[in-house]
Amino acid sequence: MASHGLVYDGCNFFRQRLVLSTLSGKRVKIKNVRSREEDPGLRDFEASFIRLLDKVTNGSRIEINQTGTVLFYQPGLLYGGSVEHDCSTQRSIGYYLEALLMLAPFMKTSLKATLRGVTNDSTDPTVDLLKTTALPLMKKFGIDGEGIDLKVVKRGMAPGGGGEVVFTCPVRRTIRPVQLTDPGKIKRIRGVAYSVRVSPQMANRIVDSARAVLNQFLPDIYIYTDHMKGANSGKSPGFGLTLVAETLNGSFFSAEMSSTPQGQGDPVLPEDLGRNCAKLLLEEVHRGGCVDSSNQSLALLLMTLGQQDVSKVLLGPLSPYTIEFLRHIRDFFQIMFKIEVQKPLEDERKGGDKVLMTCVGVGYSNLNKTLK
Amino acid sequence: CSEEDSDEEEEDDEAAVKEEIDSEEEEEEEGEEEDAGALRWKQDLQQKASAAFLRQQESAPNLRKLVYGSAAGAGDSDEEEGEELGGLFRVSRPQKSKRFTANSVDCSRFAADSAHNWDLEEMMNSIRDCFVTGKWEEGQDAA
């Protein structure tokens, strides 16, 4: 199967495979996509993802068979520039943004992506979460400056959507290796309680219940309330909370929850949502490390693509998604990480086991970038 | 009255010594002579060391093997399934184990460990030192 590059089965880890394929330039073939299900083949959100990938690259070749169960992808050059995309409302913008975050630093020209769709749902990391955790993480790898920004213009809840975000990111020739081994202590907790097309009081109720839990640990808590109105409030009602804990060394832990989409499942009380979300944040603190669980794979990718030097990052327990990502990195870049478990000391009250990830970067340099 | 006090003190002392011994060697049986127990901890040192070593080996799994080792097995296809009906039709059932993971939802979220109950004081105490309000290590300062 050498002519087809790498071959995978099934639609799980779809984005990882296409993103790594684009960065490494290796062709990829994904077969048996839901081939045994009653509704076989790629779904709308995956097709939409492929279209987005096509927009940011130049010269990609994509072939899909008639039933949509086999996909062949030959990556082109990452072009970037100004891109607009209507994301499928089956998945939130976070689904698309997670991939764009990985690709954006390696484009030819800096990316300005306007994405429309669902900004907040309970399946994927929301736009607010990525803004407060992924962007600071990228800054540590040297992807910083004025250009990097993620702005929520309109908020759109599931299932209707109607939200809009603008993501801009500068390009880099090389990525700086990092040594993130000590997260430091948490100095403050921030958050956003948002509500659209419901009473603005909902956000206040969320804030009160979340504070009640978190104030047992820290006095420095501030949760903004964000109530968007009119044209900026999307098509469906809903509310939710994103919490972020910042440490002294600039690591971020996050947790979030949003209300169940209109017409699906049991309604949630804002008080319960606030309390449960605060507990999720405690869980995230218990996991610990220097990178929170939803950004593990982004950190590992940037370590892999760093200059030929040693990078070290302390993580909490590896998520199943991250474990698969590590295997994919080995497939595409032939990099294997050194993985060491760090057990907490007897009298330390710092949560569970940590994992120290070490690797030497492949010395990836962005050939797409134009010299000025 | 004074006699009783002294008696109690003696008992306390004895108990304290026993506790010390107990903590030093955990499998020590109770109600032994103290002088005999004093040097007991030196016995079976090698055995204990090897036991402790094995225990640690088990508790710290080789993550590298877990991550990179098992991937080879995932490639094997278990396509073989088959009751044929009347020699013509094949029963197609969605397979539980492998197919399920291969086609499940592509999502980076890491679900929380349901075993942790954050209402318990004990659980909360396990992360106290992650915050600036917790205890600081030697040589570090809040400033």
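In the predicted model described here, A:Thr22 is found in helix H1 of chain A, which covers residues 14-24; helices (H or I, at least four residues) and strands (E, at least two) are DSSP runs, numbered from the N terminus. Residues are numbered from 1 along each chain as its sequence is written, while chains are lettered from A and ligands numbered from 1 in the order in which they are written. Because the model is predicted, local features need pLDDT of at least 70 and side-chain atom pairs count only at pLDDT 80 or more, whereas totals for chains, interfaces and linings use all residues, and side-chain values use heavy atoms, with hydrogens and water left out.

A:Thr22 has a relative accessibility of 6% and therefore counts as buried, a term that means under 20% relative accessible area, with exposed meaning over 50% and partly exposed lying in between (1.4 Å probe, protein chains only). A polar atom of the A:Thr22 side chain lies 2.6 Å from the backbone oxygen of A:Leu18. When neighbours within four places in sequence are left aside, A:Thr22 is in contact with A:Leu53, A:Thr57, A:Tyr73, A:Pro75, A:Leu78 and A:Leu103, where contact means heavy atoms within 4.5 Å.

The phi angle of A:Phe13 is near 60°, a positive value in a residue other than glycine, and A:Phe13 counts as buried because its relative accessibility is 14%.

The packing of the helices of chain A was examined next. Two packed helices are described by the angle between their axes and the distance between the axes. Axes are lines fitted to C-alpha atoms, for helices over the stretch in contact, and angles run from 0 to 180 degrees between N-to-C directions. H1(A) packs with helix H8 (residues 320-333) of chain A at an angle of about 30°, and the two axes are 10 Å apart. H1(A) and H8(A) are therefore roughly parallel to each other, given that angles under 35 degrees count as roughly parallel, over 145 as roughly antiparallel, 65 to 115 as roughly perpendicular and the rest as oblique. On the side of H1(A), the contact is made by residues including A:Arg15, A:Leu20 and A:Leu23, and on the side of H8(A) by residues including A:Tyr321, A:Phe325 and A:Phe332. The residues of this contact of H1(A) with H8(A) divide into 7 nonpolar, 4 polar and 3 charged; Ala, Val, Leu, Ile, Met, Phe, Trp, Tyr, Cys and Pro count as nonpolar, Asp, Glu, Lys and Arg as charged, and the others, Gly among them, as polar.

In the loop between H8 and strand S17 (338-342) of chain A lies A:Gln334, which has a positive phi of about 55° although it is not a glycine. A:Gln334 counts as exposed, because its relative accessibility is 56%.

Helix H3 (residues 93-103) of chain A is mostly covered, with 11 of its 11 residues buried. The axes of H3(A) and helix H4 (residues 127-140) of chain A come within 11 Å and cross at roughly 10°, which makes H3(A) roughly parallel to H4(A). This contact is made by A:Ile93, A:Gly94, A:Leu97, A:Glu98 and A:Leu101 of H3(A) together with A:Val127, A:Leu130, A:Ala134, A:Leu135 and A:Met138 of H4(A), and by class it has 8 nonpolar, 1 polar and 1 charged residues.

H4(A) also packs with helix H7 (residues 296-304) of chain A, at an angle of about 15° and with the axes 10 Å apart, so that H4(A) and H7(A) are roughly parallel to each other. Here A:Ala134, A:Leu137 and A:Met138 in H4(A) meet A:Leu298, A:Ala299 and A:Leu302 in H7(A), and the residues of the contact divide into 6 nonpolar, no polar and no charged.

A further backbone feature of chain A is the cis peptide bond that joins A:Ala158 and A:Pro159, with omega about 0°; A:Pro159 is found in the loop between strand S9 (149-154) and strand S10 (163-169).

Leaving aside neighbours within four places in sequence, A:Glu283 is in contact with B:Ala112, B:Asp113, B:His116 and B:Trp118. Chain B itself has 7 helices and 2 strands, and buried residues make up 17% of its 143 residues.

Conventions: A polar contact is a pair of N or O atoms within 3.5 Å; within protein, one must be able to donate a hydrogen and the other to accept it, and residues adjacent in sequence count only if both atoms are side-chain atoms.
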